[in-house]
Amino acid sequence: MTVVATDTQRVSNLVKYEEFKEFRHCRDVIEVATPKAYVIGDLVTATGTVPATAADVYGIVVEDKTTTATDKQIVVLARGSAGVSNVGLKLGALTLANVKPVLLAKGIKVLTAV
């Protein structure tokens with residue numbers, strides 16, 4: 001089958017609603033330890049690493065960014081009231097069943113895409 005078009009992940013594909021977006025109420029800026037490429041939907045710990053368990057999830061990356069030795073900050077969705085699409089999350093080795101309750105405890109509801 002021939003591919004007609006492709007699209008990149010956008011914040012709107014991930015974040016479906018966010019309270020007080022204009023004040024960045026639900027978002028945090030975290031400083032990462034080592035340079036790395038991040039994409040929208042990546043789950044990260046408080047230091048920007050890949051979480052080993054669902055309990056280690058601090059937030060969800062909301063920007064495509066490659067950090068450097070001098071630019072070490074990324075923006076993450078860290079609290080709610082917010083809702084994200086399940087298909088926008090980059091779970092890695094984690095499972096949605098384990099991640100959902102952790103995000104819900106932070107006030108971030110995982111919505112099922114249809």
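Q: In which loop of this predicted model is Asn86 found?
A: The model is predicted. Strand β8 covers 82-85 and helix α2 covers 96-105. Asn86 lies in the loop between β8 and α2.

Q: Is Asn86 buried or exposed?
A: The relative accessibility of Asn86 is 19%. Buried means under 20%. Asn86 therefore counts as buried.

Q: Which strands stand at the edges of the open sheet of three strands?
A: The order in this sheet is β1-β8-β9, with mixed pairing. An edge strand here has a single partner strand, so one side is left without a neighbour in the sheet. That applies to β1 (15-18) and β9 (108-111).

Q: What is the bridge partner of Tyr17 in β8?
A: β1 and β8 run antiparallel and are joined by three bridges. In β8, Tyr17 has as its bridge partner Gly83.

Q: Which strands stand at the edges of the open sheet of four strands?
A: Its pairing is antiparallel, and its order is β2-β7-β5-β4. Each edge strand has a single partner strand, so one of its sides lacks a neighbour in the sheet. The edge strands are β2 (27-31) and β4 (43-44).

Q: Which residue in β5 stands opposite Leu43?
A: β4 pairs with β5 (residues 59-61) in the antiparallel sense, over two bridges. In β5, the residue opposite Leu43 is Ile60.

Terms used:
Residues are numbered from 1 along each chain as its sequence is written. This is a predicted model: local features need pLDDT of at least 70, side-chain atom pairs count only at pLDDT 80 or more; totals for chains, interfaces and linings use all residues. Side-chain values use heavy atoms; hydrogens and water are left out. Buried means under 20% relative accessible area, exposed over 50%, partly exposed in between (1.4 Å probe, protein chains only). Two strands pair if DSSP finds at least two bridges between them.
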